[in-house]
Amino acid sequence: MMSDSVRLVNGSSPCSGRLEVKSNQSWSSVCEDDFDQQDAEVVCRQLGCGAPSVLQGALCGEVEAPVWTKEFQCGGNEQVLLDCGSSGSVRNTCSPAKAVGLTCSEPDDVRLVEGASRCNGTMEIKKHRVWLPVDNWYSEWDLRAAAVVCRELDCGPAVYTRIRKESPRIDVWRISITCVHPGSALTECVSGPRLSSPESLEITCSDLVRLVNGSSPCSGRLEVKSNQSWSSVCEDDFDQQDAEVVCRQLGCGAPSVLQGALYGEVEAPMWTKEFQCGGNERDLLDCGSSGSETPAHLLKLLDSPAQVEEELQLNTCSPAKAVGLTCSEPDDVRLVGGASRCNGTMEIKQEEVWLPVYTTSYGWTLKAAAVVCRQLDCGSAVYTGFIEESSYVDVWKISTACLYSGSALRLCVSEQLSSSSERLVITCSDLVRLVNGSSLCSGRLEVKSNQSWSSVCEDDFDQQDAEVVCRQLGCGAPSVLQGALCGEVEAPVWTKEFQCGGNEQVLLDCGSSGSVRNTCSPAKAVGLTCSEPDDVRLVGGASRCNGTMEIKQQEVWLPVDAYFSEWDLKAAAAVCRQLDCGSAVYTGSTEESSYIDVWKISTACLHSGSAVRECVLEQYLSSSKSLVITCS
């Protein structure tokens with residue numbers, strides 16, 4: 001973060017880094033011998049941060065740059081560092097390892113009020129020295145965004161967001177949700193001046209339990225808070241019943257993995273007592289605990305230092321034994337009204353209420369649908385669209401941008417109810433899938449039988465079988481077929497050889513051998529890459545590598561919208577790559593004389609690295625501009 005005369009560089013946030021001061025149009029580092037705690041307080045205040053928490057030489061890297069030549073002599077109350085006095089002596093040298101590195105705490109500019117604790121309540125932001133609630137009318141908050149607030153308050157994970165209706169309307173700050181992510185300063189995400197809103201936002205964080213360093217809020221190393229400090233838990237003091245309580249408390253599903261050091265060793269403080277949960281409690285700290293910790297006054301009664309050391313070892317825990325816990329995702333999504341549990345109208349359970357999901361012509365793609373299929377333990381997403389109903393009903397809304405970022409489904413649901421006559425429909429392949437690949441059309445092949453997924457041995461699978469799989473998943477012809485292409489596997493292996501002719505629509509319609517395979521090397525599990533389908537073209541240009549872009553969707557070729565979508569060269573590169581052309585060198589639009597039907601593509605989806613077909617919205621729309629691309 002920087003002002004006109006002071007900045008912190010090379011840090012992990014706007015409030016940390018190596019200190020530099022500007023003089024005569026040049027930036028200089030500061031030697032730690034010339035800088036103390038009072039000076040640090042002034043810098044943190046000047047930059048709009050909280051109090052200094054770490055002050056250390058070379059904290060953010062050594063430096064050969066010019067060094068400030070005088071000692072600062074601040075009282076600590078000044079508003080600007082250069083208002084402070086300075087020594088009369090001049091410093092000529094300073095070791096590169098002694099350049100001041102400074103970490104200021106995050107500014108005290110967010111709080112939750114009127115709740116049972118500081119970790120739940122109505123969210124308020126301080127901007128321009130004014131505390132106001134946060135709007136939820138124009139900004140649709142989800143758990144992913146709320147988690148940033150909980151983290152800044154040093155609470156546990158976000159478990160709930162709720163709309164609070166205001167009557168009459170109140171002044172609020174509006175926050176840009178796309179700006180809110182780990183590492184962002186919330187005040188920098190306030191959009192525009194204060195406005196009037198009929199809604200404010202309530203957030204509930206878990207204030208005593210959290211999982212850290214995991215891939216989602218439902219996985220990580222377990223930490224418990226006591227006396228304002230977070231402690232890890234030793235696996236010897238934690239069992240399956242305790243894990244069930246934690247997963248329930250965090251709004252997750254049942255525990256699936258419980259293991260020491262699963263999410264890294266830790267030197268942090270350890271919780272000192274054994275949890276004794278029955279498994280039905282709502283809160284981990286409601287559980288009983290052992291009284292096994294030895295009080296300090298009893299240690300004094302032991303006969304020798306060796307006995308004291310032995311007793312202390314009984315109350316310590318190896319860093320490799322800190323509890324790592326993975327909870328399953330909650331059972332809060334389903335597909336109903338279809339031929340199987342893997343296709344139909346999508347419904348979400350939120351606040352114990354099952355409702356359909358809202359979508360618009362700017363919303364859902366195969367990439368978003370793939371998140372749903374994966375959570376349901378179905379195969380790949382092969383279709384998503386929506387049907388029009390005769391009446392309006394309440395629906396839940398989901399942020400597809402949140403899904404594209406890799407977040408779990410439950411984190412992307414907005415608590416704000418809406419009304420719609422449209423129902424989102426998804427079809428997953430319920431018997432075949434490709435996993436651990438770079439797209440929906442590549443990965444290790446798995447086949448489902450008796451509610452269990454099995455890999456396939458390359459000795460039992462040939463080119464004709466691959467053609468059927470690629471067709472079944474809506475992909476192009478197979479381009480690579482190879483064992484261990486997408487990782488070795490210890491999972492169950494399909495026990496019979498497939499015998500496809502190559503024209504079947506579904507793999508399990510193929511014949512199979514009568515013999516049963518009992519073993520298959522983990523290195524020989526089938527990895528398959530299908531080409532992308534022949535559903536993209538550039539027409540009307542001087543070659544097949546430039547012209548108006550057209551997409552074939554639902555067997556219909558249409559141009560691609562350039563009016564509502566913000567296309568750039570990064571998005572266009574995905575098209576050039578699929579067409580086996582060179583790099584994208586130009587993207588623009590053609591103005592049509594009248595409105596025409598077009599397909600719309602999510603450029604945010606393309607930016608995430610997905611193939612073109614994964615990013616097409618399933619409902620066409622009308623537009624006056626079509627997209628033009630030139631590849632080299």
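Which residue takes a positive phi just after H9? Asp-580 does, at about 60 degrees. The model is predicted: local features need pLDDT of at least 70, side-chain atom pairs count only at pLDDT 80 or more, and totals for chains, interfaces and linings use all residues. Residues are numbered from 1 along each chain as its sequence is written, and side-chain values use heavy atoms, with hydrogens and water left out.

The protein chain has ten helices and 36 strands. Both are DSSP runs numbered from the N terminus (helices H or I, at least four residues; strands E, at least two). Of the 632 residues, 49% count as buried. Buried means under 20% relative accessible area, exposed over 50%, and partly exposed in between (1.4 Å probe, protein chains only). The accessible surface of the chain comes to about 29000 Å². Carbon and sulfur atoms account for 46% of that surface. Areas come from the Shrake-Rupley method with a 1.4 Å probe; for residues, only the protein chains shown count as cover. Among contacts between residues at least 6 apart in sequence, 70% join residues at least 24 apart. A contact means heavy atoms within 4.5 Å.

Helix H9 spans residues 569-578. Its buried residues are Ala-571, Ala-572, Ala-574, Val-575 and Cys-576. An α-helix has 3.6 residues a turn, so residues three or four places apart point the same way. The cover over the buried residues of H9 includes strands S32 (536-540), S33 (546-553), S35 (584-598) and S36 (621-631), along with helix H10 (603-607). At the start of H9, a side-chain oxygen of Asp-568 comes to within 3.3 Å of the backbone nitrogen of Lys-570. Such a polar contact is a pair of N or O atoms within 3.5 Å; within protein, one must be able to donate a hydrogen and the other to accept it, and residues adjacent in sequence count only if both atoms are side-chain atoms.

The largest nonpolar core has 57 residues. A nonpolar core is a set of buried Ala, Val, Leu, Ile, Met, Phe, Trp, Tyr and Cys residues joined through side-chain atoms within 4.5 Å. Met-346 and Met-549 have the most contacts inside the largest core. Helix H6 (residues 366-375) gives the most to this core, with seven residues. Beyond its neighbours within four places in sequence, Met-346 is in contact with residues including Val-333, Leu-335, Trp-364, Val-372, Ile-398 and Ile-426. A second, separate core of 30 residues includes Trp-141, Cys-155, Val-180 and Leu-201.

Cys-342 lies in the loop between strand S20 (333-337) and strand S21 (343-350). Cys-342 is buried, with a relative accessible area of 2%. Residues up to four places away aside, Cys-342 touches Leu-335, Cys-378, Ile-426, Thr-427, Cys-428 and Asp-430. Cys-342 and Leu-376 are 34 residues apart in sequence, yet 7.4 Å apart in space, C-alpha to C-alpha.

Six aromatic pairs are present. Rings of Phe, Tyr and Trp (its six-membered ring) pair if their centres lie within 6.5 Å; planes under 30 degrees apart count as stacked, over 60 as edge-to-face and the rest as tilted. Trp-68 and Phe-72 are stacked, at 5.5 Å centre to centre and 10 degrees between the planes. Trp-68 is buried at 17% relative accessible area, and Phe-72 is buried at 3%. The rings of Phe-238 and Phe-275 have their centres 6.4 Å apart and their planes at 90 degrees, so this pair is edge-to-face. The pair links distant parts of the chain, 37 residues apart. Phe-238 sits in the loop between strand S15 (229-232) and helix H3 (240-249), and Phe-275 in strand S17 (residues 275-276). Phe-238 and Phe-275 are buried. Ring pairs also link Phe-35, Trp-68 and Phe-72 into a cluster.

Two arginines lie over ring faces. Arg-210 is 4.0 Å from the ring centre of Trp-230. Arg-334 is 3.9 Å from the ring centre of Trp-354. A charge sits over a ring if NZ of Lys or CZ of Arg is within 6 Å of the ring centre and within 35 degrees of the ring normal.

Most residues other than glycine have a negative phi, and most peptide bonds are trans. Asn-10 has a positive phi of about 65 degrees. Asn-10 is found in the loop between strand S1 (6-9) and strand S2 (16-23), and counts as exposed at 59% relative accessibility. A cis peptide bond joins Ser-167 and Pro-168, with omega about 0 degrees. Pro-168 lies in strand S11 (residues 158-172).
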